Amino acid sequence: MHVETVMIHVRFAPDGTVTEIGERPAAVPAQAWFNLLSLKATGPYQALAGGRGVFRLPRSEIESLKGEVAA
């Protein structure tokens, strides 16, 4: 069985707040989406240079988390 893995890119401001994050539902602020992923995502997060990072998650998990914030 093939599981589609999605990379969610995160960009941080110099003060550590999230300025941009991928796969974010429109009604959810960037920082709130990052906080939710940090708390509930089962996939790894990798910090990158230059104020960036990336989550690697299965598509099904992303859709499930989006459903949580929509409810």
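Select Tyr45 first: at 34% relative accessibility, Tyr45 counts as partly exposed (buried is under 20% relative accessible area, exposed over 50%, partly exposed in between, with a 1.4 Å probe and protein chains only). The model is predicted, so local features need pLDDT of at least 70 and side-chain atom pairs count only at pLDDT 80 or more, while totals for chains, interfaces and linings use all residues. Residues are numbered from 1 along each chain as its sequence is written, and side-chain values use heavy atoms, with hydrogens and water left out.

**Strands β3 and β4**

Helices (H or I, at least four residues) and strands (E, at least two) are DSSP runs, numbered from the N terminus. β3 and β4 run antiparallel and are joined by 4 bridges; two strands pair if DSSP finds at least two bridges between them. These two strands make a hairpin with 3 residues between them, and Gly50 in the turn has a positive phi of about 75 degrees.

**Across to β1 and β2**

Select residues 52–58, strand β4, together with β1: 7 bridges join them, and the two run antiparallel. Val10 is opposite Gly53 in β4. Next take residues 18–21, strand β2, which is antiparallel to β1 (residues 5–12) and joined to β1 by 3 bridges. Phe12 has Val18 as its bridge partner in β2. The β1–β2 hairpin has 5 residues between its strands, and Gly16 in the turn shows a positive phi of about 95 degrees.

Move on to Glu23, in the loop between β2 and α1 (30–40). Its phi is near 60 degrees, a positive value in a residue other than glycine. Glu23 is partly exposed, with a relative accessible area of 27%.

**The aromatic rings**

Show the rings next. The structure holds 4 aromatic pairs; rings of Phe, Tyr and Trp (its six-membered ring) pair if their centres lie within 6.5 Å, and planes under 30 degrees apart count as stacked, over 60 as edge-to-face and the rest as tilted. One of the pairs is Phe12 with Phe34, edge-to-face at 5.4 Å centre to centre and 90 degrees between the planes. Phe12 lies in strand β1 and Phe34 in helix α1, so this pair ties together parts that are 22 residues apart in sequence.

Is Phe34 buried or exposed? At 14% relative accessibility, Phe34 counts as buried. Phe34 also pairs edge-to-face with Tyr45, at 6.0 Å centre to centre and 80 degrees between the planes. That pair links distant parts of the chain, with Phe34 in helix α1 and Tyr45 in strand β3 (residues 45–48), 11 residues apart. Phe12, Phe34, Tyr45 and Phe55 form one aromatic cluster.

**The nonpolar core**

Finally, select Ile8, Ile21, Trp33, Leu37, Phe55 and Leu57, the residues with the most contacts inside the largest nonpolar core, which has 16 residues. A nonpolar core is a set of buried Ala, Val, Leu, Ile, Met, Phe, Trp, Tyr and Cys residues joined through side-chain atoms within 4.5 Å. The elements giving two or more residues to this core are β1, β2, α1, β4 and α2 (59–70). The largest share, 5 residues, comes from α1.

End on Leu37. Not counting residues up to four places away in sequence, Leu37 touches Ile8, Ile21, Phe55, Leu57 and Leu65 (contact means heavy atoms within 4.5 Å).
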